[in-house]
Every structure is written in C-alpha cells, then in structure tokens.
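Reader: I have a protein model to look through, and I am new to this. Could we go over it together?

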Amino acid sequence: MNQSDFALVADALSFAAHKHRDQRRKDREASPYINHPIALMRVLALEAGVQDPLLLCAALLHDTVEDTQTTPDELAERFGPAIRDLVMEVTDDKSLPKAERKALQIRHAAGASERARLLKLADKICNLRDMADSPPHDWDLQRRREYFDWVAAVVEQVRGTHSGLEQIFDLAYARRP
Ligand code: NDP
Ligand code: ZN
C-alpha cells in the first residue's frame, strides 16, 4: 500500500471514529461502536490478507450511513464515489420494516459486486463472533440462533468469492449456540 492509500485508510478511521463517537454496541459492556468497523478491517487485512485500500476504507465506513447522520454525498466528497458506492451497497434502507430488510439482504446478496460480497462476509464474521462472545444482553438463545440462521442464509448467496474468508466464516458459524 502506498503512502496516499495509507493516508486514505487513516482518514476513514478518523472519520468513522468521529461519526460513531456516541454509539455503543449491544453487548453487556456496551463496547465502543468503532471496535466493530475496526474488527472488519482487521479480518480483511490480517486474517484474509486483503490489501485493497478501497475495501479497507469501506470496512471502516460501512455502518456510517446506516447508523449515523452521514450522507452518501459526504462520503463521496471526502473518499470518492467508489467508496461511497461500496458503502451504499451494504447499507440497509432503514425506512423499511426490519423483517423486510432482513429478507432483502438475502435477496440482494448474490447480485452484489465482488468487493461488496467481501465486505458482507467480513461484517457477518464479526457479528457472529460478537454474537458468540459478547451477545446483546437481552437476547435469549432462540433469538441468537435465529440470528446465526439468517446470517448463514445471506452468506450462502455470496459463496465462491473468497475461499479464505469463507473458511473464516465457517469457523465463526461453527460456534452457533
Ligand atoms: P438486529 O438486526 O436488530 O440486531 C443484530 C445486529 O446488531 C447485528 O447485525 C449488528 O449489526 C448489531 N450488533 C450490535 N451489537 C452486537 C453484538 N454485541 N453482537 C452481534 N451483533 C451486534 O437483529 P434482529 O432483531 O433481526 O434479530 C435477529 C433474529 O432474531 C431475527 O432472525 C429475528 O427473526 C429474531 N427475533 C427478533 C426479534 C425482534 O424484536 N426484532 C424478537 C425475537 C426474535 P451491525 O453490523 O449493523 O452493527
Ligand atoms: Zn456492521
């Protein structure tokens, strides 16, 4: 990665940390939200050996539009249209009812771009790990199981993209409670 790519990734980390600064994850300790985008970047870069700066930036930014006031235009202006488009590919439409959003993720996953499929895999790996290690404090066993099942249905649609990431996913899924 050259110096300007590294600078872009550092800027994405700084931007995401600022945008998520008041948010927490749903685990009992209410961990800082930014730990989750950092975990995606770590899975991609360290565990799967992905060096693509666009993908690493999008990993850091992937929940900014869905979960903060960030707009797609803001992402395009600061990080360029390719990163905006990639983030938008993995952004749910929060105006839809939750069940519909969940069904759409399964339906749209197969048609996603290659980079978006890698991003989805990393997101699902990290969320299954969180669900196994530090789940939302008020979720019962059935709800955690249903979450694993839904994630598996999404990931079935993106298989054949990156065997290394898919193996990492399978290890995370094997911890289904
Ligand atoms: P949600 O989408 O509301 O919650 C899961 C999401 O929360 C993750 O995808 C992740 O998204 C984020 N998250 C934040 N903290 C954590 C953490 N510590 N561990 C894991 N994920 C975290 O889930 P659903 O409401 O859809 O529930 C899942 C299943 O349970 C569904 O299949 C549903 O049918 C069933 N269910 C739902 C009920 C409901 O009231 N909604 C009630 C009973 C069952 P991100 O990466 O975007 O941060
Ligand atoms: Zn996420």
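Author: Let us begin with a definition for sorting residues into classes: Ala, Val, Leu, Ile, Met, Phe, Trp, Tyr, Cys and Pro count as nonpolar, Asp, Glu, Lys and Arg as charged, and the others, Gly among them, as polar. Please also keep in mind that this is a predicted model.

Reader: How do the residues lining the second largest pocket divide among those classes?

Author: The lining of the second largest pocket has four nonpolar, four polar and five charged residues.

Reader: Which residues lie nearest the centre of that second largest pocket?

Author: They are E89, T91, D92, L104 and H108, out of a lining of 13 residues. Helix α7 gives the most to this lining, namely four residues. The volume of the second largest pocket is about 190 Å³.

Reader: And what is the volume of the largest pocket?

Author: The largest pocket has a volume of about 990 Å³. Its lining comprises 36 residues, and R25, K26, Y33, N127 and Y147 are the ones nearest its centre.

Reader: How many of the lining residues of the largest pocket are charged?

Author: There are 19 charged residues in that lining, along with ten nonpolar and seven polar ones.

Reader: Which helix gives the most to the lining of the largest pocket?

Author: Helix α8 does, with nine residues. Several helices supply at least two residues each, among them α2 (35-47), α7 (98-109) and α9 (141-156).

Reader: Are H62 and D63 buried or exposed?

Author: H62 and D63 are both buried.

Reader: What about aromatic rings? How many aromatic pairs are there in the whole structure?

Author: A search of the whole structure gives five aromatic pairs. In one of them, the ring centres of F15 and F79 are 5.3 Å apart and the planes stand at 85°, so this pair is edge-to-face.

Reader: Why is 85° called edge-to-face?

Author: Planes over 60 degrees apart count as edge-to-face, and the planes of F15 and F79 are at 85°.

Reader: Where in the chain do F15 and F79 lie?

Author: F15 belongs to helix α1 (residues 3-19) and F79 to helix α5 (residues 72-79), so their pairing ties together parts that are 64 residues apart in sequence. F15 is buried, with a relative accessible area of 6%, and F79 is buried as well, at 8%.

Reader: And what sort of pair do Y147 and W150 make?

Author: The rings of Y147 and W150 have centres 5.7 Å apart and planes at 55°, so this pair is tilted. Both residues are in helix α9 and are separated by about one helical turn, because they are three residues apart. Y147 and W150 are also buried.

Reader: Which aromatic cluster do they belong to?

Author: Y147 and W150 form one aromatic cluster together with W139.

Reader: Which residues lie over the ring faces of W139 and W150?

Author: R143 lies over the face of W139, at 3.9 Å from the ring centre. K102 lies over the face of W150, at 3.8 Å from the ring centre.

Reader: What about E146? Where is it found?

Author: E146 is in helix α9. E146 is partly exposed, with a relative accessible area of 45%. E146 and R176 are 30 residues apart along the chain, and their C-alpha atoms are separated by 9.7 Å.

Reader: How far is Q23 from D170 in space?

Author: From C-alpha to C-alpha, Q23 and D170 are 29 Å apart, and in sequence they are 147 residues apart.

How values were computed:
Residues are numbered from 1 along each chain as its sequence is written. Chains are lettered from A and ligands numbered from 1 in the order in which they are written. This is a predicted model: local features need pLDDT of at least 70, side-chain atom pairs count only at pLDDT 80 or more; totals for chains, interfaces and linings use all residues. Side-chain values use heavy atoms; hydrogens and water are left out. Buried means under 20% relative accessible area, exposed over 50%, partly exposed in between (1.4 Å probe, protein chains only). On a 1 Å grid over the protein atoms alone, a cavity is a set of points where a 1.4 Å probe fits but cannot get out, and a pocket is an open set with protein on both sides within 12 Å along at least five of seven lines; lining residues have an atom within 4 Å of a point. Grid points are joined across faces, edges and corners, and a volume is the space filled by probe spheres set on the points. Rings of Phe, Tyr and Trp (its six-membered ring) pair if their centres lie within 6.5 Å; planes under 30 degrees apart count as stacked, over 60 as edge-to-face and the rest as tilted. A charge sits over a ring if NZ of Lys or CZ of Arg is within 6 Å of the ring centre and within 35 degrees of the ring normal.
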